[in-house]
Amino acid sequence: MHFLIRRGVNLHSFDESLTGLARIPIELALPYRLDDFLAGMDRLDALAEHINDKAIAVSTVHATQGRLSDVRFMSWALPTMKFADKIGIPVVVFHPEAVRKLDKPNLQVMALNNLKALQRLTSVTVAVETFGNSKRIITPEEMIEFGVPMVLDTSHLFQQRIFAVIEAYSRGIVAVHLSELRGEGKESLPHLPVETYGFAVLERLKERGWDGPVTLEYLPQYHDRLVSDRARLEGMYGS
């Protein structure tokens, strides 16, 4: 395994967004809102040149929050894949949107077709992040059923489900977003630092022979722990 920290980037001021990394490996998160990404999409080539020139250690890319079932999917997803290819990144992470239950069957077919069509146009792996809500266009169990490359997020699933997914689909997990979900019901809080079951997740992945990128994704108030936690976990589990 190798360990990263998540770093968001502003396409209009990426030099500022990517300072202070000192060769720390990152998952590069493109703008969260699709409109913001589209407004700066013409800056992707300049961003790629900056990353290559500065030797910034990007290991994975997180796409903007566009809909997988959108007819305009290729208009933003394909430029994202081309950008990833230019900086030599093997995996791009996509979020599965929530949809109405009645609409899901048809929209899921569209999403799966979009993902397949995109994958045919690039050698970079098109992967989908896990969310536990059944309203998501693709659930973790459906990713397993359809053979979709998975990014396992340990704050979006309860512990029992995390370990069930690892047992069933470790071969299909291409990256991990590691943090912890603590508390009950509405009082639960995601993306907390790794202190308890996060270690058990890593141990189980190690037992399964899994060896891929693990991104620490913490709430902003814990960002001061990212660098030290990454170094500690790299020392414990790094390849």
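Predicted model: local features only at pLDDT ≥ 70, side-chain atom pairs only at ≥ 80, totals over all residues.

Q: What is the handedness of the crossing of α8 and α9?

A: The crossing of these two helices is right-handed.

Q: Which residues in α8 meet which residues in α9?

A: Contact here means heavy atoms within 4.5 Å. From α8 come Phe 199, Leu 202, Glu 203 and Lys 206, and they meet Arg 232, Leu 233, Met 236 and Tyr 237 of α9. By class, this contact has 5 nonpolar and 3 charged residues, with no polar ones.

Q: Turning to the strands, how many bridges join β1 to β10, and how many join β1 to β2?

A: Pairing is read from bridges, and two strands pair if at least two are found between them. Strand β1 (residues 2-8) is joined to β10 (residues 213-216) by 4 bridges, and the two run parallel. In that pairing, Phe 3 stands opposite Val 214. Strand β1 also has 4 bridges to β2 (residues 26-29), again in a parallel arrangement. There, Gly 8 stands opposite Ala 29 in β2.

Q: What is the volume of the largest pocket, and which residues lie nearest its centre?

A: A pocket is read by its volume and its lining. The largest pocket has a volume of about 240 Å³. Its lining comprises 14 residues, with Tyr 32, His 62, Gln 65, His 95 and Phe 131 nearest the centre. By class, the lining divides into 6 charged, 5 polar and 3 nonpolar residues.

Note on methods:
Residues numbered from 1 in each chain as written. Heavy atoms only, no water. 1 Å grid on protein atoms, 1.4 Å probe; cavity = no way out; pocket = protein on both sides within 12 Å on 5 of 7 lines; lining within 4 Å. Points joined across faces, edges and corners; volume = space filled by probe spheres on them. Nonpolar A, V, L, I, M, F, W, Y, C, P; charged D, E, K, R; others polar. Left-handed = near helix turned anticlockwise from the far one by under 90°.
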